[in-house]
Amino acid sequence: MPIDFNLSPEVEEVRQRVRTFMDAEVRPVEEKLRQDKADRNAYVQAIVGLRKKAREAGLWNPHLPPEWSGMGLGPVAMAFVSAEAGRTTIGPFVINAQAPDEGNMHTLLHWGTPEQKEKYLRPLSEGQCRSCFSMTEPEVAGSDPTLIQTTAVKDGDDWVLNGHKWFSSGAHGARFAIVIACTDPDADPPQARNSAFLVDTPTEGWEIVRDVETMAGPANHPEIRITNLRVPADAILGGRGEGHRLGQYRLGPARLAHCMRWIGTAEIALEMLVDRAIKRYAHGSYLAEKQAIQWMMSESAMELYIGKLMVLHAAYKIENGLPFRQEVSMAKVHVANALWKIIDRSIQVHGALGYSTDTPLERMMRNARAARLADGADEVHMQTIARNVIKTYEEDGNTRAATGDLL
Ligand SMILES: Cc1cc2nc3c(=O)[nH]c(=O)nc-3n(C[C@H](O)[C@H](O)[C@H](O)COP(=O)(O)OP(=O)(O)OC[C@H]3O[C@@H](n4cnc5c(N)ncnc54)[C@H](O)[C@@H]3O)c2cc1C
């Protein structure tokens with residue numbers, strides 16, 4: 001397989017534009033908000049202003065085709081755009097490529113009927129509304145969606161939904177939710193039990209019980225009670241029994257998009273580590289001159305490098321229609337753990353300052369912990385990876401196809 005590490009001029013141009021925009025427009029605003037310890041309202045106002053500028057600069061919906069006001073970028077170009085945006089906290093919102101909306105837009109684009117696209121994708125792509133994805137439930141393991149207890153029962157032409165969800169990120173203020181519910185409890189295989197529904201929110205029978213407060217604070221991950229919620233037959237997204245496939249389809253590129261943003265965050269943490277180490281003097285030399293600190297830098301550099309290669313290769317596979325699940329799972333586990341370790345090392349090198357709220361590191365660390373759980377816990381991805389390794393060995397007599405299929 002030929003390997004060309006050069007970026008096309010178009011991708012390089014987009015990356016530079018996003019980088020310049022994030023550095024010149026987004027970072028100064030974000031830094032000021034952080035210093036002012038601004039409230040949520042101030043952040044929202046800032047994002048609204050920056051979104052206008054992003055649209056004027058042609059940096060809007062990088063992940064969508066032009067007919068949906070998008071830049072029409074493929075997964076490889078998106079890897080660079082998301083990593084640049086991920087170097088800030090609000091950058092992904094500013095270009096309308098934030099989770100969970102980005103994943104929901106992809107899902108609607110791929111699975112929606114023309115009517116569903118006009119009703120839900122159009123306003124989302126125009127930045128006129130937000131959405132949420134409602135699958136996980138408190139009572140059963142989110143890692144195994146075949147256990148979902150929320151039901152959807154046919155009543156005439158309508159479906160009636162009942163159930164209990166939580167961690168539906170963004171549900172407060174969302175105009176609609178994609179809700180995964182069990183429509184066919186006896187289906188074989190069990191993956192065919194669930195269907196996806198488009199639910200306009202708020203609506204009768206959709207009760208936000210509370211915002212589940214996390215270690216990152218109240219971050220809009222609500223618990224929701226669904227009681228006799230009635231939707232019409234055409235609210236099904238992607239066909240009856242397709243809920244599991246739709247979730248898997250959505251989560252593949254969405255997981256990679258997370259990795260791309262995390263790479264941007266990890267880069268910032270490493271840059272802060274180096275900046276501190278070359279300026280802090282102790283025991284006769286700068287921290288950067290001490291081997292213990294240099295090893296932290298080398299380990300972080302290697303982890304980042306591996307992560308970037310993994311993400312780019314997985315993006316390449318998606319872009320070229322090749323099987324990508326194994327590569328996305330491996331990238332997800334590696335980058336989520338690298339993110340955590342690199343931020344931790346940066347905090348260590350900052351000493352007491354790193355533990356304080358005077359730098360963004362403590363917030364980065366609290367947010368980073370979710371990376372090893374959300375969109376599939378480490379252990380679940382590792383199980384999938386190992387299964388593929390065994391299967392490949394049994395079929396091919398070697399493990400190459402399950403280890404990137406490169407050499
Ligand atoms: C910040 C954040 C945002 C989220 N946003 C959303 C959202 O928008 N929509 C949504 O529907 N969900 C969302 N989630 C939920 C997330 O998808 C689930 O947390 C995840 O799927 C795991 O499910 P669970 O929490 O029920 O853990 P469980 O399934 O109970 O798993 C708990 C632990 O058990 C272990 N485990 C599970 N299965 C295996 C296995 N096969 N082998 C070995 N160990 C195993 C793992 O260590 C795992 O961490 C979010 C979660 C977080 C933290």
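The legends below describe close-up views of a predicted model. Residue numbers start from 1 in each chain and follow its sequence as written. Because the model is predicted, local features need pLDDT of at least 70 and side-chain atom pairs count only at pLDDT 80 or more, while totals for chains, interfaces and linings use all residues.

**View 1. Helix H3 (residues 75–85) and its surroundings.** Helices (H or I, at least four residues) and strands (E, at least two) are DSSP runs numbered from the N terminus. H3 is mostly covered, with eleven of its eleven residues buried; a residue is buried if 20 or more other C-beta atoms, placed from the backbone, lie within 10 Å of its own, exposed if 12 or fewer, and partly exposed in between. Among the buried residues are Val76, Phe80 and Val81. The cover over the buried residues of H3 includes helix H1 (9–35), helix H4 (91–94), H7 and helix H8 (291–319).

**View 2. The crossing of H3 with helix H7 (residues 243–279).** The two axes, which are lines fitted to C-alpha atoms over the stretch in contact, come within 6 Å and cross at roughly 40°. H3 is therefore oblique to H7; angles run from 0 to 180 degrees between N-to-C directions, with those under 35 degrees counted as roughly parallel, over 145 as roughly antiparallel, 65 to 115 as roughly perpendicular and the rest as oblique. Residues in contact have C-beta atoms, placed from the backbone, within 7 Å. H3 contributes Pro75, Met78, Ala79, Ser82, Ala83, Glu84 and Ala85, and H7 contributes Pro253, Leu256, Ala257, Met260, Arg261, Ile263 and Gly264.

View 3. Asp155 lies opposite Asp158. Two residues separate E2 from E3 in a hairpin, and Gly156 in the turn has a positive phi of about 65°. E3 also pairs with strand E7 (residues 217–232), in the antiparallel sense over seven bridges; Lys165 has Ile224 of E7 as its bridge partner.

**View 4. Val212 in strand E6 (residues 206–214).** Val212 is partly exposed, because 15 other C-beta atoms lie within 10 Å. Leaving aside neighbours within four places in sequence, Val212 is in contact with Trp166, Phe167, His221, Pro222 and Glu223. The C-alpha atoms of Val212 and Pro222 are 5.3 Å apart, although the residues are ten places apart along the chain.

Methods: Two residues are in contact if their C-beta atoms, placed from the backbone, lie within 7 Å. Two strands pair if DSSP finds at least two bridges between them.
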